[in-house]
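Please keep the sequence and the structure in view while reading the points below.

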Amino acid sequence: MPTPAKTPNRTTSLLGEILTPEARDALKHLELFARRMAQGLLHGAHRSRRKGASTEFDHHKLYQPGDPLKHVDWKASARHDVYYVKRHVEDTALTVRIVVDRSASMLQDSGGASLYLQASRVAASLAYLILNQRDLAGLVLGSAEEVFWLPPRAVEAQLVRILQALASRGAAGADHLEFCLRSLVERGERLGVIAVISDFTFEPDGVRRQLSRLQAQGHEVILFQVRDPKEEEFPFSRWVRFRDRETPDREFRVDTVPLRRLSRGEYQALQAEWRAWARKYDIHLMSFLSSASVGAVLAEYMAFREGLLGKR
């Protein structure tokens, strides 16, 4: 992924790479449905498609620091000696937080596009779908160098903010995904969908622990795994010098002939482990190569979601 943009023209070029007009056309008829909504209730399509504030009362929730005081129900709070906040129909719109792994391992690019560029395309396409439905989309970009937070919003300008953030930040630094997810857990924000986009080729225990905690809180967790063909196939048959992208000063020169079978075996075992874990916790894992069409990937995923809803 290129270094941060310095001029408007360069930013425009990068935005074009991330979300092309063709991608928007392919996605415009897709609908993102949610299985799990606020307060853990299951619904089909969302009730609200209106912009602006709604006066139709929906439910109470306990006051949390940061909630606007104008939404406090003082009468209900006085009766129960606890502060309650009124929620309205508009407040029940779907909230989707898109978490993108921007560690240096996402620079791998043997599939025609770097893992980070492909992850950015998926993130931008999801944001386009969500905001087109007038739901709320937020973005988290995480690496040890920087964690970027963009709070969920439903305004039209949010798509521009998301695209600019994706285009102006490349992959760099060590993995920081566990920290990002733990921060989401500790923030205790409104329930919704947590969509995580990563290669998932790291020690998984910490990340899985945080994903399980998010699901236990009532969020719906979905995983998009982007895979690099060369990492999957390990097509080497000679001595090769490898450099750790996340720790550049670490280099290894190895004979890849005996290593090839071992590398493939460990990679396949890790993939199988992720699939088994996702099935156990009822988390959908969408895995695809970096050379795949983003439109096809999301179309397949939407068909899966609509199939789930049809069974309910």
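Leaving aside neighbours within four places in sequence, leucine 139 is in contact with Ile98, Val100, Phe148, Trp149, Leu150, Ile162, Ala165 and Leu166. The model is predicted, and leucine 139 belongs to its largest nonpolar core.

**Nonpolar cores**

- The largest nonpolar core holds 45 residues, of which Ile98, Val100, Leu126, Leu139, Leu166 and Phe224 touch the most other members.
- Helix α4 gives the most to this core, contributing 13 residues.
- A second, separate core has 22 residues, including Leu177, Leu184, Val196 and Leu285.
- In soluble globular proteins, nonpolar side chains tend to be buried together.

**The sheet**

- Six strands form an open sheet in the order β5-β4-β3-β6-β7-β10, and their pairing is mixed.
- Strands β5 and β10 (284-289) stand at the edges with a single partner strand each, so one side of each has no neighbour in the sheet.
- On average, neighbouring strands of this sheet are turned by 15° against each other, with direction ignored.
- Strands β3 and β4 pair in the parallel sense over 7 bridges.
- Valine 99 stands opposite valine 140 in β4.

**Helices on the sheet**

- Helix α4 (residues 115-132) lies across β3, β4, β5, β6, β7 (220-227) and β10, and it runs at about 175° to β3.
- Helix α6 also packs on the sheet, where it touches β3, β4, β5 and β6. The direction of α6 makes about 40° with that of β5.
- Within α6 (residues 177-187), the residues Leu177, Cys180, Leu181, Ser183, Leu184 and Val185 are buried.
- The cover over the buried residues of α6 includes β3 (95-101), β4, β5 (147-153), β6 (193-198) and α7 (205-217).
- An α-helix has 3.6 residues a turn, so residues three or four places apart point the same way.
- Glycine 188 follows α6 and has a positive phi, near 60°.

**Glycine 142**

- Glycine 142 lies in strand β4 (residues 136-142).
- Is glycine 142 buried or exposed? Glycine 142 counts as buried because its relative accessible area is 4%, and the cut-off for a buried residue is under 20%.
- Not counting residues up to four places away in sequence, glycine 142 touches Val100, Asp101, Arg102, Ser103, Val147, His176 and Cys180.
- Glycine 142 and valine 99 are 43 residues apart in sequence, while their C-alpha atoms are 7.5 Å apart in space.

**Serine 77**

- Serine 77 is placed in helix α3 (residues 74-80).
- With a relative accessibility of 6%, serine 77 also counts as buried.
- Apart from residues up to four places away in sequence, serine 77 touches Val72, Val82, Tyr83 and Tyr84.

**Confidence in the model**

- The protein chain has an average pLDDT of 75, and 67% of the residues score at least 70.
- Over residues 1-8 the pLDDT stays under 50, and the model has 18 contacts beyond four places in sequence for this stretch.
- Residues 29-55 also have a pLDDT below 50, and this stretch has 75 contacts in the model beyond near neighbours in sequence.

How values were computed
Residues numbered from 1 in each chain as written. Predicted model: local features only at pLDDT ≥ 70, side-chain atom pairs only at ≥ 80, totals over all residues. Heavy atoms only, no water. Helix = DSSP H or I, 4+ residues; strand = E, 2+ residues; numbered from the N terminus. Buried < 20%, exposed > 50% of the residue type's maximum accessible area, 1.4 Å probe, protein only. Contact = heavy atoms within 4.5 Å. Pairing = 2+ DSSP bridges. Axes fitted to C-alpha atoms, helices over the stretch in contact; angles between N-to-C directions. Core = buried A, V, L, I, M, F, W, Y, C linked by side-chain atoms within 4.5 Å. pLDDT = per-residue confidence, 0-100.
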